[in-house]
Amino acid sequence: MSPITVAIIGATGDLGLRVVRRFLSPEYSPSQVGSVKFFTRNPSSAGAQELKTLGAEPIEGDVTVAGLKGVDVFISLVGGATELDYMNKYAKAAVDAGVKVYIPSEFGIDHRGDNDFHHELFDDKEAHYHYASSISGGKVKIVNLYVGLFLEDTFGLGATLGLDTKNAIYTSFGSADTPISFNSREDISSSVVRISVLAAADPNSVPDFTRINGSAISYNQLAALVGKARGTEIKVVEVDDAESKQLLSTGDHWTRFWLALRYGYGHGLTDFTKDNANEILNPAQTKPKRKKAKTSRSSRAAGGSRDLKTSRTGDPFTPLPLDVVHEIFGFLTPLELLQLARTNKALRSYLMSKRSSVTWKAARAAATPPVPICPKDLSEPKLAALLFTKDCTSASDDYYLAEEVWKMSETVEHFQLRVEARVDGARQEFEQFLGNTKSQASERIESAKVLRKWSETSEELRSKAERELKEARRQEIVSKLVELGHDIRDAGQASRVYAYIPNLFRSKEPLTAAVWKRIKPKAERLVEEMNRIRLENEEGPIQNSRRSTFTRRYSTFKSSYNEFPRTLLPSQTFVLKTHEGIKDVIQAEGTNTSPAIFDDVFSELTEYLDRWRKERKIELTRLVLEARTGPGLDVDPETPERQGILSLATSVFATCGYGYSFNHDWSRVHWIDSIGEHFFEKILHTASRSSAIPYEEMQCVRVLPNLVDHVKLLVQAVGLDPGTCTAAEMDELGALFHCDDCSCGSELARNWRNC
């Protein structure tokens, strides 16, 4: 069999990185795996860059048929909260592209079968499998992989899974003797790769539903092991089915999700000790088991490895001599040391101990600005958490934590009881305690002042660095716009005037190729607007005077224009932009600015407006009809029926406009942005209002059918035909209407336009 091509979605996660590394390891690549591709929306992310370093090929954007062309195996490693429509979309792409093997995102509990286990997330997974199976028609091998519980997450999730080690109590939803299968991420990644290779070579060699059993252990067994290691007894509590089901029906989505998982653990849905694919993945145990890492003698001789106890998570630091580890840690900030300490038990044990004080002090000194000396009552890690994280410390005031105040109050109460009981020396002890506490408080206040000053300086430097990043991005965008042919004056002005727009000119986000592709159209539109304004301002006084003359004359012309509907007229801005004759007059040589210079233009302006209005009528009528019956209509606005629809529609718009002229001239429709979704609650959009609502946010098309139908009811109420009735006929009739449920609370009768 020739080497296969693999494509992965969700490869930048922890499991995805491991799977890609396994695919591209010498064991499989290039003999069995030819290439690995991965879909990503951010090719510049750290995860994507690491995958590229390994040799994987990035595909920017969502999963498409084109992206899956030539792919043999498609694997989904996306998170559990993925929407069903999105999963179905990329499954359809896989089928259309001719993918041979598809592994959907399961990797957990075996939720199939007739049981009481239900949650919408797993219902979506099952529905997705049935959909993918139905559209594939047996041409694509679909493998659902069930691995039980991720070993690394067992105690990380802790109480979420009912394993409250801190309070020494484990809670099982069902029998605490039910085995639960555990698998490490490394074992899971190896299984994914092995299944992919086997299924691509022979689809019948792998079951459609593949269960993998790593280590199986029950809640009772786990409690016994942990209790022995801690030297304390872990209590195990079993919740019966009735109470479990009641809990499963309450809470939000994720609360019910974790409860559902625990219910599955206690009812055997992760017991893969039987009916598993272990023999298929490792026939007769022929593949060697991975050996545990051991500390070499050379490392021990260097004097460092005993301080870093070997961790089962396989971190890269445990085999190294301590002097090498110190060298690496010397490049880290206090925050990075704190984050590193939270990765596994071995590093936490070292970094949280006094042995690492030299490392923390070096990190403090190297910080910008250097962190002050650690106060006596704080440890180095605690100081780092206080200064560099947003972790809640439950402070009761500026200088004490809540837990310290409670402890202090208990001590004071203890001394008071001893004093009241006339215990010998109790008063002297109490006074000594008060003196020590006052001294400690003074020291803490002084330390707090120093730390607060450092925090303010640090924030100033951070803000300055942020401003510099934003300014660098602004200048880079301006340079790119100039390269595209825009005037540097317009580009610079746009970057300053529209600096308030988020994620555009001034942002901390690096200006990658993908980001520039996203913002480029909007940035160019804004620069073009600045260019228009600049050119108008640069025109001489003669041109400005002629422009004002035309505006006044056009305003008079519109007031005398009697064609229906009068509101359907273009603004002077639109006419100035589109009418070449007017442009020629304004730009002509000479100093004449009298209204007479536009006589020739206005002599043919009526014909120009008639053509323009006919186009808008067709567009208006089509939109009204399409809102009722759907697209694809052939519209002739001159027929009586269409005239009736146009009459009603434009009358509604005239009423909703509150007297404002529909003077916006965008290509889609001329009048639509003057309509509010709610008459009394929405700011109307007119060209003369700088705070107007953007066209895209108005969504007036959806409101349109309701408005027309409302007028249709009024026409029917007076006995006329809505298909042929005109606005003039309604006005002549003079009917008045009373609204039983008027939002304005008025009891007045209104005419048909104002009702």
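Begin by selecting D490, which counts as buried at 2% relative accessibility, where buried means under 20% relative accessible area, exposed over 50% and partly exposed in between, with a 1.4 Å probe and protein chains only. This residue lies in helix 20 (residues 488–497), helices (H or I, at least four residues) and strands (E, at least two) being DSSP runs numbered from the N terminus. Show next V527, M530, N531 and R534, which D490 touches when residues up to four places away in sequence are not counted; contact here means heavy atoms within 4.5 Å.

The model is predicted, so that local features need pLDDT of at least 70 and side-chain atom pairs count only at pLDDT 80 or more, while totals for chains, interfaces and linings use all residues. Residues are numbered from 1 along each chain as its sequence is written, and side-chain values use heavy atoms, with hydrogens and water left out.

Now zoom out to the whole chain, which contains 30 helices and 16 strands. Of its 755 residues, 41% count as buried, and residues 24 or more positions apart account for 67% of the contacts with a separation of 6 or more.

Select next the open sheet of six strands, whose order is 3-2-1-4-5-6 with parallel pairing; two strands pair if DSSP finds at least two bridges between them. At its edges are strand 3 (57–60) and strand 6 (141–142), each of which pairs on one side only. Strand 5 and strand 6 are paired in the parallel sense over two bridges, and Y102 can be found opposite I142 in strand 6.

Centre the view on V6 to see its contacts with F23, V33, S35, V36, K37, V71, V73 and I75, not counting residues up to four places away in sequence.

The aromatic residues come next, with 15 aromatic pairs in the structure; rings of Phe, Tyr and Trp (its six-membered ring) pair if their centres lie within 6.5 Å, and planes under 30 degrees apart count as stacked, over 60 as edge-to-face and the rest as tilted. Select F388 and W454, whose ring centres are 5.5 Å apart with planes at 70°, so the pair is edge-to-face. The pair links distant parts of the chain, with F388 in helix 17 (residues 380–388) and W454 in helix 19 (residues 426–483), 66 residues apart. F388 counts as partly exposed at 27% relative accessibility, whereas W454 counts as buried at 7%. Then highlight F39, F74, Y86, Y90 and Y102, which ring pairs link into a cluster.

Finish at the open sheet of three strands, with order 8-11-13 and mixed pairing. Strand 8 is joined by two bridges to strand 11 (residues 180–183), and these run parallel, with F182 in strand 11 as the bridge partner of L149.
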